[in-house]
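Here is a short briefing to read beside the model.

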Number of protein chains: 2
Amino acid sequence: MISRRADAVTFDDVRAAAERLRGVAHRTPVVTSRTLDARTGASAFLKCENLQRMGAFKFRGAYNRIALIPAAERARGVVAFSSGNHAQGVALAAKLLGVPATIVMPSDAPASKIAATREYGAEIVSYDRMTMNRGEIASRLAAERGAALVPPYDDPAIIAGQGTVALELFEDVADLEVLLVCTGGGGLLAGCAIAATAMRPGVAVYGVEPQAGDDFAQSFARGERVEIAVPETIADGQQTTAPGELTFPIVKRLCAGILTVSDEELRAAMRFAFERLKLVMEPSGASALAALLAGRADVRGKRVGVIVSGGNVDAARYAAILAP
Amino acid sequence: MISRRADAVTFDDVRAAAERLRGVAHRTPVVTSRTLDARTGASAFLKCENLQRMGAFKFRGAYNRIALIPAAERARGVVAFSSGNHAQGVALAAKLLGVPATIVMPSDAPASKIAATREYGAEIVSYDRMTMNRGEIASRLAAERGAALVPPYDDPAIIAGQGTVALELFEDVADLEVLLVCTGGGGLLAGCAIAATAMRPGVAVYGVEPQAGDDFAQSFARGERVEIAVPETIADGQQTTAPGELTFPIVKRLCAGILTVSDEELRAAMRFAFERLKLVMEPSGASALAALLAGRADVRGKRVGVIVSGGNVDAARYAAILAP
């Protein structure tokens, strides 16, 4: 069993997650661009988790978490709350593992996201965002059914699963000196920091979040978790209000710093990805690239890994960003 | 020297081109999608030339062609006429090889394409599409300067260069039974047919073109080159009016058939690529995928290679296709 202690998430856990994900998750490609290198002065290697199953890295952690549920308990199912990529990640992972999934989603979530989650076979429970607490609904459902609650990031198995992104990148690309990772609750960042620093001691790992939602940056500066109001940003996958309890100590211990990017820098990165890379990135998914393009890190002459975390963006919204 | 006889383009020429392109062209990733497989009943492998340098396969043939110009003749430069990907392919290849490039483009070509071509260091010569013949302008320029004319497809070195797309795909993916290739003038199709049938005898190679521009389909049915009027289609890379003189005999000899897709099927494929694959495809670049999605070929239960030829599409146009 994986302990709840943060320092108990080790590189061995990431390697074990990689074994579980073999042949199930895509080993996503690493893309390079001379235009990007010319513009930034770095040698950049983009790990394309927007090309992962269901369009984001979230599938990795969800699958690793659900695969660890003992066989005798699986029939009772899993419960998660999310209106975003975590919902689809849990729904798909549960389906593949033959586990019933219930996803608690706000009644005003985009129809396309509800449909995609249902397409993966999950039961959707709607709630009114104004009057009801989704965490309570999910906890009550899980208790009633004896189901396992699958949290979006604050869980050792989730963290280990997300760490396989960096594991693959560092296997594929030698001598990376800097790693830029999008962060919301910190599951991807913590997992990648564990893998990256184990595989290449001395690598400088940075989290990247939207300026308006700089809870990780504030927390990192203070050395303790800071809570902020729900941030207004186009990066809907990064609207967390505080770092995770488990993820923050890992980030604090292993990362070099937290960088922030403006919404306009996110849009510019999405347009660059469209025009020059031919890759669809969602706002949150483009944040590490945005930090690179905006010159937030000292990368000149260095080999830099950049994690593109997802590509699930509504067509109308994407169109408006491309052609304003 | 490569002979001008069509059957003189051999798999050895493709292999030699691959050597020239090593470390210069991207070895583009092969992407799979369970959603695509579930929808089509096939196991599809997408070779992503939209992730190639300058955003399309055209760079391969242009580089291979220009690299074969003897050192003593290079200073006289190269000339090409194109308002599309061939222009950028020639401009970039020439720049890398230190050869001056002149591109003849219509004065009403999109500003973004003119700018991109100029960014690669090419000289642009504009002409009035209504009153002047671009071929004559290019030939005159080439003659005046002693420069080499780089044709878009009807050239053995171009054909061999484009064939490296299939060479890489068949190296990376075993046992492909069907190969779907976008075709305009037939350079990519002919080159890929040479490589594919050499590496896997018995593979069924199909060209795919827009319904409105079915010059290859008509020619294939008749067994001889048929000329049509300039087709009206959103597939601007496939508005050729006849198969190439060199490419057609190769296609006739090695291919299983020519498939056609409607503009609406091209749009649907582009939307599918956006929503499910997170890949930006231009209309022509999506045509092989469109044929797969529209059920044009017998692919059920088969392993199918699909070449995505390019991703250069204007942002406003792409936005209009995504969110009509």
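Axes are lines fitted to C-alpha atoms, for helices over the stretch in contact, and angles run from 0 to 180 degrees between N-to-C directions. Helices (H or I, at least four residues) and strands (E, at least two) are DSSP runs, numbered from the N terminus. This is a predicted model, in which local features need pLDDT of at least 70, side-chain atom pairs count only at pLDDT 80 or more, and totals for chains, interfaces and linings use all residues. Residues are numbered from 1 along each chain as its sequence is written, chains are lettered from A in the order in which they are written, and side-chain values use heavy atoms, without hydrogens and water.

**Helix packing in chain A**
- The axes of α1(A) (residues 11-21) and α3(A) (residues 58-67) come within 10 Å and cross at roughly 90 degrees.
- The two helices α1(A) and α3(A) are therefore roughly perpendicular (65 to 115 degrees).
- From α1(A), Ala17(A), Arg20(A) and Leu21(A) meet Arg60(A), Tyr63(A), Asn64(A) and Ala67(A) of α3(A) (contact means heavy atoms within 4.5 Å).
- By class, this contact has four nonpolar, one polar and two charged residues. Ala, Val, Leu, Ile, Met, Phe, Trp, Tyr, Cys and Pro count as nonpolar, Asp, Glu, Lys and Arg as charged, and the others, Gly among them, as polar.

**Nonpolar core**
- A nonpolar core is a set of buried Ala, Val, Leu, Ile, Met, Phe, Trp, Tyr and Cys residues joined through side-chain atoms within 4.5 Å.
- The largest one has 84 residues; among the members that touch the most others are Tyr318(A) and Tyr318(B).
- Tyr318(A) touches residues of both chains, including Met270(A), Phe274(A), Phe274(B) and Leu322(B).

**Contact between the chains**
- Chain A and chain B each give 29 residues to the contact.
- The buried area is about 2,300 Å², 60% of it from carbon and sulfur atoms (accessible area, 1.4 Å probe, that two parts lose on being put together, summed over both).
- Arg34(B), Phe274(B) and Lys278(B) supply 29% of what chain B buries, more than any other three residues.

**Loop residues**
- Ser309(B) sits in the loop between β10 (303-308) and α14 (315-322) of chain B.
- Ser309(B) is buried, at 6% relative accessible area (buried is under 20%, exposed over 50%, partly exposed in between; 1.4 Å probe, protein chains only).
- The contacts of Ser309(B) include Glu49(B), Phe57(B) and Cys182(B).
- Met54(B) has a positive phi of about 55 degrees although it is not a glycine, and is buried at 8%.
- Asp175(A), also not a glycine, has a positive phi of about 60 degrees, but is partly exposed at 47%.

Methods. Angles under 35 degrees count as roughly parallel, over 145 as roughly antiparallel, 65 to 115 as roughly perpendicular and the rest as oblique. Lists of a residue's contacts leave out its neighbours within four places in sequence.
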